Amino acid sequence: TYVTLPESLQLLEQLAFLNCSSLEKAVFQGDTPGTLGDGIFDGAAPAFAVYHFDGAAGFASSTWQGHPTVNMGSPTPVKNWLVSNHQPHDASLESDSNQDGVSLLMAYALKLDPRQNLSGSLPKPVLSQNEMSLQYHAGTPGVTYEVLTSTDMVEWDNAGIVFGELDAQQFRTATVSRDEPAKFMRLNVYLLLP
């Protein structure tokens, strides 16, 4: 029902998606390819439309090769991530598209695929004899990461947490001493909008 065409695409041959009758959306992440055949999306679903970003070359009118076009506005890292993961470009990051308990914002921040069941993919604290640590992806542009601890799951703060440097894969580890009978860690993520 959905195809994402990357910015690097150079060629779309004649009848490339002929009679893909379930295809409802083709999302171009860049300009139209330099070489185009005819009838690329002939036979697509009745509601088929071509989506593109503002300023992308080749989409000067409200139709492209006879199909309606939708301008998704200016490209942003979030919009590119959404369309790359077959989500609507204007999806609310607070939503949970597959009802697995993980918001699109958390999936974006942790570089996870929101089409998968992510309920078991979130970072989990690791216990050792004297400390507790949490390793998490912390390098997504525009995202602020916050790790907090609590002894009662009511009051949360970052007292005593030691943060490691971002590694080559953009992961960071937060560590805290296990100096209380009970200790909990949680990760919050925030998106800084322009």
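Two strands are counted as paired if DSSP finds at least two bridges between them, and strands (E, at least two residues) as well as helices (H or I, at least four) are DSSP runs numbered from the N terminus. The model is predicted, so local features need pLDDT of at least 70 and side-chain atom pairs count only at pLDDT 80 or more, while totals for chains, interfaces and linings use all residues. Residues are numbered from 1 along each chain as its sequence is written, and side-chain values use heavy atoms, with hydrogens and water left out.

**View 1. Strands β1 and β3 lie side by side in parallel.** Here 4 bridges join β1 to strand β3, which covers residues 25-28. Within this pair, Leu-5 stands opposite Phe-28 in β3.

**View 2. An open sheet is built from 5 strands.** Their order is β1-β3-β5-β7-β6, and the pairing is mixed. Because β1 (2-5) and β6 (63-64) stand at the edges with a single partner strand each, one side of each is left without a neighbour in the sheet. In general, strands of a sheet pair through backbone hydrogen bonds, either parallel or antiparallel.

**View 3. The whole protein chain has 2 helices and 13 strands.** Its radius of gyration, 22 Å, is well over the 16 Å that the globule rule gives for 194 residues, so the chain is more spread out than a compact globule; the radius is taken over C-alpha atoms, and the rule is 2.2 Å times the number of residues to the power 0.38. Along its principal axes the C-alpha trace spans about 70 × 30 × 25 Å.
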